Amino acid sequence: MSESVTASSHWSPTRPWRGIMVATTLPLRADLSVDHDAYAEHVRWLIDNGCDGVVPNGSLGEYQTLTPEERARVVRTAVEAAGDGARVMPGVAAYGSAESRRWAEQAAEAGAGSVLLLPPNAFRADEAAVLAHYAEVAKTGLPIVAYNNPIDTKVDLTPALLARLHAAGDIVAVKEFSGDVRRAYEIAELAPELDLLIGADDVLLELALAGAVGWIAGYPNALPASCAELYRSAVAGDVATALPLYKSLHPLLRWDSKTEFVQAIKLSMDIAGRPGGPTRQPRLPLTGDTAAAVRAATEKALADGHH
């Protein structure tokens, strides 16, 4: 693959949504209060171990369970710890467009470089509502990465709709979590300047080979160095390096697409010696066969030398 294509898949201050942006988990103490010091250390550790930036207040960060004060402080903590606000892409999802816009304004005030925005998810929004939602939040001026997760939101940002959002100047990229890797090619045809970001860990190689220029990632929370090697070899088209890594890590990566993904990734972090810890309700600790499966896959990855 050409040097220019490879370079386009790396982070830069002018395209701060590219590269490996880790959807960070949030360390909680035993009483379930937020451990902001541990979070700051985790952000620094991720960047020191090959990741390009962080995405606080996503689903992995349990943003739905945070108070407004906690949520705002998480963003400020991430910006300070990253050392460069451009490396921070806060999630700004909310039930109303006005609230999402307020969270985008808070991200801008904190110095973040971009934001991640779900479509309206309090109801099955039609196309007009989706367009209006993104237009409202885009008024803040921060680059917006759309997040397509029709499995959970029941609102599908189809390639045609993404092309309309991009043509309107309201989004710069899409985190694609539909699981349908065929969409990569249609998105490239309809909106060739729209950046495609890998949205689910277990389709990383397929989307990287299809032209993705970034990864909003889950499992680097536990194994950043190995995940960084996988991403960079994949976007470079180095299948000889990427495929064995992908096969070795896939028993873990597929947990990113399961209902229990927050608990699974936090359990893997615990096993890997990172600040995983508990989750807030309604998420409950993993038990039985599910916990055993995550533990076995994590221990095998560590035994195989992943870190």
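The structure holds one cavity of 30 Å³ or more. A cavity here is a set of points, on a 1 Å grid over the protein atoms alone, where a 1.4 Å probe fits but cannot get out. Grid points are joined across faces, edges and corners, and the volume is the space filled by probe spheres set on the points. For the largest cavity that volume is about 30 Å³. Lining residues have an atom within 4 Å of a point, and for the largest cavity they are Glu176, Gly179, Asp180, Val181, Val203 and Leu207. By class, this lining has three nonpolar, one polar and two charged residues. The classes count Ala, Val, Leu, Ile, Met, Phe, Trp, Tyr, Cys and Pro as nonpolar, Asp, Glu, Lys and Arg as charged, and the others, Gly among them, as polar.

Before we go on, a word on the model: it is predicted, with local features needing pLDDT of at least 70 and side-chain atom pairs counting only at pLDDT 80 or more, while totals for chains, interfaces and linings use all residues. Residues are numbered from 1 along each chain as its sequence is written, and side-chain values use heavy atoms, with hydrogens and water left out.

Now to the charged pairs. Side chains of opposite charge can pair when their charged atoms come close. The structure holds 15 salt bridges, each one a side-chain nitrogen of Lys or Arg within 4 Å of a carboxyl oxygen of Asp or Glu. One of them joins Arg232 to Asp52, with the closest N and O atoms 3.0 Å apart. Arg232 lies in helix H10 (residues 224-235) and Asp52 in the loop between helix H2 (36-48) and strand E2 (53-55), so this pair ties together parts that are 180 residues apart in sequence. Helices (H or I, at least four residues) and strands (E, at least two) are DSSP runs, numbered from the N terminus. Arg232 is partly exposed at 25% relative accessible area, whereas Asp52 counts as buried at 10%.

Another salt bridge pairs Glu127 with Arg164, whose closest N and O atoms are 2.4 Å apart. Glu127 sits in helix H5 (residues 127-138) and Arg164 in helix H7 (residues 159-167), so the pair ties together parts 37 residues apart in sequence. Glu127 is partly exposed at 36% relative accessibility, and Arg164 is partly exposed at 46%.

The side chains of Glu136 and Lys139 also meet in a salt bridge, at 3.0 Å from N to O. Through salt bridges that share partners, Arg101, Glu105, Glu136 and Lys139 are joined into one network. Within it, Glu136 counts as partly exposed at 21% relative accessibility, while Lys139 counts as exposed at 54%.

Let us turn to the nonpolar side of the surface. Leu209, Val239 and Leu243 form a nonpolar patch with about 220 Å² of accessible area together. Such areas come from the Shrake-Rupley method with a 1.4 Å probe, and for residues only the protein chains shown count as cover. Patches are made of residues with over 30% relative accessible area and no salt bridge; like charges are joined within 9 Å, and nonpolar side chains (Val, Leu, Ile, Met, Phe, Trp, Tyr) within 5 Å. Leu243 belongs to helix H11 (residues 239-253) and is partly exposed at 31% relative accessibility.

Two further pairs link positions across the sequence. Ala108, in helix H4 (residues 97-110), is 34 residues from Leu142 in sequence and 6.8 Å from it in space, C-alpha to C-alpha. Ala173, in strand E5 (residues 173-176), is buried at 0% relative accessible area. Between Ala173 and Gly214 there are 41 residues of sequence separation and 9.4 Å in space, C-alpha to C-alpha.

Finally, the backbone. Most residues other than glycine have a negative phi, and most peptide bonds are trans. Gln281 and Pro282, however, are joined by a cis peptide bond with omega about 15 degrees; Pro282 is in the loop between helix H12 (261-272) and helix H13 (288-303). Leu32 has a positive phi of about 70 degrees and lies in the loop between strand E1 (19-23) and H2. Glu62 also has a positive phi, near 55 degrees, and its place is the loop between E2 and helix H3 (68-82). Leu32 is partly exposed at 28% relative accessible area, whereas Glu62 is buried at 2%.

Technical notes
Buried means under 20% relative accessible area, exposed over 50%, partly exposed in between (1.4 Å probe, protein chains only). On a 1 Å grid over the protein atoms alone, a cavity is a set of points where a 1.4 Å probe fits but cannot get out, and a pocket is an open set with protein on both sides within 12 Å along at least five of seven lines; lining residues have an atom within 4 Å of a point.
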